[in-house]
Amino acid sequence: MLIFVVLCLTIVGGFNLVFPTKYAKYVEKYSKLYGVDENLVYAVILCESGFNPNSKSKKGAIGLMQLMPSTALWCAKKLDEKYSDEKLYEPEFNIKIGVYYLAYLRTVFNDFDEVVMAYNAGEGNVKKWLQGKGEVFSETSTYLAKVKLCAKLYKLRSSFLFF
């Protein structure tokens, strides 16, 4: 029995190291508020910024969930939130806007894959791809595979936290 407990603790410790749940208070709050799976949110944060709130991409995406300022501004207006690009570096604001955007994309697209692809490549590109116009970006295919794998592993991680 002791060996089983040690093995479980090692597995959980490994999951915590590789698949952190930093900012859990905000992820849980906004996932519940907007009806988005926490595992997806953690996976997006991990794949987008590696949990670095000061992250900024070459294309200009900012913060934990790597939001483009134009997308974040649109979401902030929908939420009646004051907006500035600097606020995207604030973990709570970034997670709130990012989770809201995922929830919005879920109203536009029928499928998990389409939502994740739209988060990465934009709603317009995914609509074109679904109409058979153009090819899915290779970056988007890779991103989708990473997010799906991470979301599954976050779900597995949570199943080990039963004790």
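These notebook entries record what I looked up in a predicted model.

**Basis.** I note that local features need pLDDT of at least 70 and side-chain atom pairs pLDDT 80 or more, whereas totals for chains, interfaces and linings use all residues. Residues are numbered from 1 along each chain as its sequence is written, and side-chain values use heavy atoms, without hydrogens and water.

**Fold.** I found eight helices and zero strands in the chain; helices (H or I, at least four residues) and strands (E, at least two) are DSSP runs, numbered from the N terminus.

**Core.** I looked up burial next: 42% of the 163 residues are buried, that is, under 20% relative accessible area, with exposed over 50% and partly exposed in between (1.4 Å probe, protein chains only). The largest nonpolar core has 47 residues, and Met65, Leu102 and Tyr119 touch the most other members. Such a core is a set of buried Ala, Val, Leu, Ile, Met, Phe, Trp, Tyr and Cys residues joined through side-chain atoms within 4.5 Å. Helix α5 gives the largest share of this core, nine residues.

**Salt bridges.** I counted five salt bridges, each a side-chain nitrogen of Lys or Arg within 4 Å of a carboxyl oxygen of Asp or Glu. One of them joins Lys29 and Glu92, with the closest N and O atoms 3.3 Å apart. Lys29 lies in α2 and Glu92 in α5, so this pair ties together parts 63 residues apart in sequence. I also noted Glu123 and Lys127, whose side chains meet at 3.0 Å, N to O. Both lie in α7, four residues apart, which means a separation of about one helical turn. Glu123 is buried at 19% relative accessibility, whereas Lys127 is partly exposed at 37%.
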